[in-house]
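Subject: Structure for your files

Hello,

Here is the structure I said I would pass on. My notes on it follow below.

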Amino acid sequence: AYQLMKWLVADDGMPLSKCFHEENLIEISYQDKTRHFESLNRKTGIPFEEMAFFDNEFWNVQSVSQLGVKCYHTPNGMTKEDWNACL
């Protein structure tokens, strides 16, 4: 997941991994994704409705979507089309 954050680059050339000024904002979690997003919400104050989540596991997408997060099921991995659908 961290490698993907290095590959996703904003229009200004900055990789997603550099958009977070505090180390504690980058969370790679293998536990319950709902708790993961609740933690990110507490740390950042970003409303769930303004967050996006991509996952290859449908049950994670179902769980997190109940918080109001925009969720995208990516069973074959993340693609440019998936990213563009989020925008």
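**Contacts of N60 and other findings**

N60 touches K33, F53 and D55, leaving aside residues up to four places away in sequence. Please keep in mind that this is a predicted model.

N60 sits in helix α3, which spans residues 58-65. Its relative accessible area is 13%, and buried means under 20%, so N60 counts as buried.

N60 is one of the buried residues of α3, which are N60, V61 and V64. These residues lie on the same side of α3, because they cover an arc of only 100° around the axis.

The structure holds one, and R35 forms it with D32. The closest N and O atoms of R35 and D32 are 3.7 Å apart.

Are the two residues of this pair buried or exposed? R35 has a relative accessibility of 51%, and the cut-off for exposed is over 50%, so R35 counts as exposed. D32 has a relative accessibility of 35%. That value falls between the cut-offs of 20% and 50%, so D32 counts as partly exposed.

Regards

Methods. Residues are numbered from 1 along each chain as its sequence is written. This is a predicted model: local features need pLDDT of at least 70, side-chain atom pairs count only at pLDDT 80 or more; totals for chains, interfaces and linings use all residues. Side-chain values use heavy atoms; hydrogens and water are left out. Helices (H or I, at least four residues) and strands (E, at least two) are DSSP runs, numbered from the N terminus. Buried means under 20% relative accessible area, exposed over 50%, partly exposed in between (1.4 Å probe, protein chains only). Contact means heavy atoms within 4.5 Å. A salt bridge is a side-chain nitrogen of Lys or Arg within 4 Å of a carboxyl oxygen of Asp or Glu. The arc is that of the directions from the helix axis to the C-beta atoms.
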